[in-house]
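Trainee: Could you take a close look at one part of this model with me, and then connect that part to the rest in one go?

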Amino acid sequence: MQNTHNAGRDAAGVHDELIAQLNTEEKALLVTGRDLWHGNEVERTGFGPLRFSDGPNGVRGTDIWINSANASACFPCGAALGATWDSDLIAEVGSALGREAKRKGVHVLLGPTVNIQRLPTGGRNFECFSEDPFLTARLAVGYVTGVQSERVAAVVKHFVANDSERERQTVSAEVDERTLREIYLPPFESAVCQAGVQGVMAAYNRVNGTYCSEHEELLSRLLKREWGFDGFVVSDWMGTHSTVAAALGGLDLEMPGPGEWWGQKLAGAVSDGLVPEQVLDDKVRRLLAVSKWVRADIRVGEPELSVDDPADRELARRAAAEATVLLRNSGGLLPLDARTVTKIALIGPGAAAMQPQGGGSAQVSLHPVTQLSDAVAAGYGVGVRTEVGCRIHRHTPILSEPDLATQSGEPAVLVEYFASPDWSGEPVLRRRFRRMQLMSIGVPHEALADGYSVRLTAALVASGGPSRFSLSSVGYARLAVDGQTAIELPNGSITDMATMFTNAAEVTTDLDLRESARANVELLVRSPAGFPLAVGHVGYLTPESADLMERAVDAAADADVAVVVVGRSPEWESEGSDCESMSLPGRQDELVERVAKANPATVVVVNAGAPVAMPWLGSVRSVLQVWYPGQDGPSALAGVLFGATEPGGRLPVSFPVRLEDSAAAASYPPADGRIAYRDGVFVGYRHHDQAGIDPVFCFGHGLSYTQFEYGPLSVESTGDGTDFVVSVDVQNVGSRPGSEVVQLYVRDVESTLPRPPKELKGFAKLRLSPRERQKARFVLDHRSFAMWNPAERAWVAEPGEFELMAGSSSRDIRARATLHVG
C-alpha cells in the first residue's frame, strides 16, 4: 500500500538549494534535539525550532510535567476512545487536541498510541485503543486526521511491538513477519497510508534483536520505501543507541537534546565517510518539510496558554459517555429514575475522587474537576452520601490539598527556582502547585540553563497523632517539617524511569503531629550536575479509620441505590511498569461484596484503564466500565446513571476470566532480555475463539438502555468483482433512543495457514430513535479477506468460501452470509 495522502505536506517544496547552503555541522544540528521539547534551528533556513509535547489524551506543553498551574484539557484515555467505536468522534477529539496544541505553541503532538493491548496487565494499556488491529487502525486514522486538520503534526507511536513495560528500553520482541504484518503493523500502516501522519516514533524496545531506532528493515525498507512514508522518524526520548547504525537505519531525529549520539558525532561520521551525506540530507529534507507544513517560520516561540474551554469540556463529557460500557444490567436497574430514587450512596475510592487519567508521560495538569457527588446532587436533586470504604494507595499518597492550607484561592504550594545549587540568591521563577510534588524536566527558565535548585513550601493542616511522611527524588533532596529535617536523600532514591513517575522509590518516616496545628513543610531539591532535571515527591498518610468500611456498608443499607466506584490509579497503571495481576488493589473486592449484601440495588463502576478481575460479578445488579474518562468523567457518569445519556461504549478488548486465558500470558515476563510472541496472530478474542475459551465479557460487548433487531445480511459484488458491499438493516425496537455498534467479522472457511475463527473487518455506529431503522453498510476489499503469506511475502486472499458475520459483539452474531472469493 502506497502513501497517497500527505495531509497537505509537499516535501518537494523544500528546495534542495536550501539544504545545499548548509554545512555538515548545521545539518547534523538540525537532526538533533536542542532540549527536552525543542528541535534545533539554523537561522538561515527561515524556520524556528519545532516544539514537541506529550499526548495522547491531552497536550501538556513544555511546562513542568505534572502538577503545573499551566493546566490542559484532559480527554478520555486511549482505551476509552477505543470503546467509543466512533472514528468521527475520535477525529473531533483530535481536532480539539490540535487546537490545544496551538494554544501552547506546540507544532508536534506525540500521539496517538496505537500499540496493541496484547496482555490485560500491560501498564500502558490505557493509552492504547484496542486489542484488535482493524479497530485500532480505523481510530488512529480519525485521531491523526483530526489533529492534523489544525496544521499540527501528529506522531504515531511506538513503532513497533512495544507491548511490555518490563525491561521496556532493552527487551527484544521476538515476533515473526506474519504476526507483525497482521496484528502490530496495520495501525501504523493506516496512519501513514490513509491519514498521512507527519511523524512516527521509533519504540524503545528491540525487534528480533535490533533496536527499533536503528532497524533498517522496519524504518527504511518497510516504512519509507514500501509504504511511501515521507514524514520524519523521531526516537523515543533517550531511545537512541548509536550514531552510525541509527543514521543508516532510518531514524531522522534524536530526542531529547542536547543529543548523546548525533550532533557533532553524526557530523564526524559523515566526514569520515561512515554515513553518506545524502542520507543526512534526506533527514534534513524531511524535518524542513514538516517545519514548513506546521508553519514553524511563522509560529515561533509562542506563549503557552492554559484555556479552560467550555467546548473542550462538552466534547470530553460526550466522549466519556460514548466510551462508557454497560457490562451488566440485571433486571434493568439502570438507568435510575430520579423521581423514585431519593437517596443514593456513592461508595469507594473513585466515588470520593474519580481518576481521570493514567500515569506516566500521558498525564497533564487538570483544570478544576467536578466530583461525582456534586454532579449527582446538582444535576438530579438526589440526596447523596459519599464514603470511601477503603484505601488503594500503592505508595504513600502525595501530600496535596485539602491537607495543605490555601489562601485567597491560590494553590497551596509555593515553588521557587534558584539559579544556584544551594537555594541562595533571589528566586528566578515562582510558581504555585496544589501538590507537594515536583517533576521539572528541562530548563524552566533561561537563567537556569546551567543548573538550578528548587524550594517548595506549604502549610500542612495536621490531623493529629502519628503521620507518615515519605520522600523520593532524583539527586539531592531534603524534607523538613517545622524546620526539622524529616528525611534527607544525599544521592536521591530514584534510579530509573520506571520509578520516576510515582513515589515508588520512597523513603519513609513517622512523625507525631499536634491536632489542628499547622505544620510548615519544606522540600529542597537540587538538579543533578549536567542535567536539567528536578524531581521530588513528598508523601503524607494518616492512620486509616477503623470504621472506614463499616461506614460505607451503613451508607449502602440506608440508601435506595448504592454506587460503588472501584478501580486503579496512576500508581497502578502507568508508563514504566506493568500490573502484577488483574486484581483490584486493596480491599475493593471485599467492599463490593459487603455493599451488595447490604443493598441488593448495587451498581459497580470500574474506573480503570484495562480489564480487572470481578469475583463479585454475580452479587451486583449492574456494572459500568468508565476507563479513565478525562476531566469531565464524573458529569458523564452521572448522566449515564440517570439516563440523561446512554452508555454508548462497547469493549475494545476482551475481559478474560483469568490472566492465563490470554495467550500472551505464557510468554510473560521477558526471559533473557527477550519476549516471545508465541501467540502469533491469536491475540485477544482470536485466541478465545480458537481455543474455545469463554471470557467474562467478550470483545465488542456492551449493553444498551434499549433493544435492537437485525435483518438479514445483503452481499453485492462491485462492478469489477474485486470488492463486495455488505449491508444489514438494524431497528431500535425499544422505547428509548440508543446507539448500536454493528460489527462485521470475516472467517476464511478453509485456509492453508492457521487463521482465527473470525476477524473484525468492519463496524458502524448507528444512533436510532425508538422504532427507527437504519442500514449499516460495509465495503470489503482484497485486504478484508487476505492473510500475510510469509513464503510469498505478500497479502494473499486464497480463492474459496468466506463466511460473513454481523452482530453486536464477537459472540453475539445476529446475521450470517457466505460469499466466494475467486
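Mentor: Let's start with Arg318 and Glu314, which form a salt bridge whose closest N and O atoms are 3.5 Å apart. A salt bridge here is a side-chain nitrogen of Lys or Arg within 4 Å of a carboxyl oxygen of Asp or Glu. This is a predicted model, so local features need pLDDT of at least 70 and side-chain atom pairs count only at pLDDT 80 or more, while totals for chains, interfaces and linings use all residues. Residues are numbered from 1 along each chain as its sequence is written, and side-chain values use heavy atoms, with hydrogens and water left out.

Both partners sit in helix α12, four residues apart, about one turn of the helix. Helices are DSSP runs of H or I with at least four residues, strands are runs of E with at least two, and both are numbered from the N terminus. Arg318 has a relative accessible area of 30% and is partly exposed; Glu314, at 36%, is partly exposed as well. For these words, buried means under 20% relative accessible area, exposed means over 50%, and partly exposed lies in between, using a 1.4 Å probe and protein chains only. As background, side chains of opposite charge can pair when their charged atoms come close.

From there, let's turn to Asp309 and Arg103, another salt bridge, with the closest N and O atoms 2.7 Å apart. Asp309 lies in the loop between α11 (277–293) and α12 (310–323), and Arg103 in helix α4 (residues 87–103), so this pair ties together parts that are 206 residues apart in sequence. Arg103 counts as buried, at 16% relative accessibility.

Next come Arg814 and Asp812, whose side chains meet in a salt bridge at 3.0 Å, N to O. Arg814 is partly exposed at 36%, and Asp812 is partly exposed at 28%.

Disulfides, by contrast, number zero; the term needs a pair of cysteine sulfur atoms within 2.5 Å. For Cys74, the nearest cysteine sulfur is that of Cys77, 9.0 Å away, and Cys74 is buried at 0% relative accessibility. Cys212 is buried too, at 1%.

A cis peptide bond, with omega about 10°, joins Gly111 and Pro112, and Pro112 is in the loop between β2 (108–110) and α5 (133–148). Leu334 and Pro335 are also joined by a cis peptide bond, with omega about 5°; Pro335 lies in the loop between β9 (325–329) and β10 (343–347).

Finally, there are positive phi values in residues other than glycine. Asp482 has phi near 50°, sits in the loop between β17 (477–481) and β18 (484–489), and is partly exposed with a relative accessible area of 42%. Trp627 has phi near 60° and is placed in the loop between β24 (622–625) and α17 (633–641). Trp627 is buried, with a relative accessible area of 0%.
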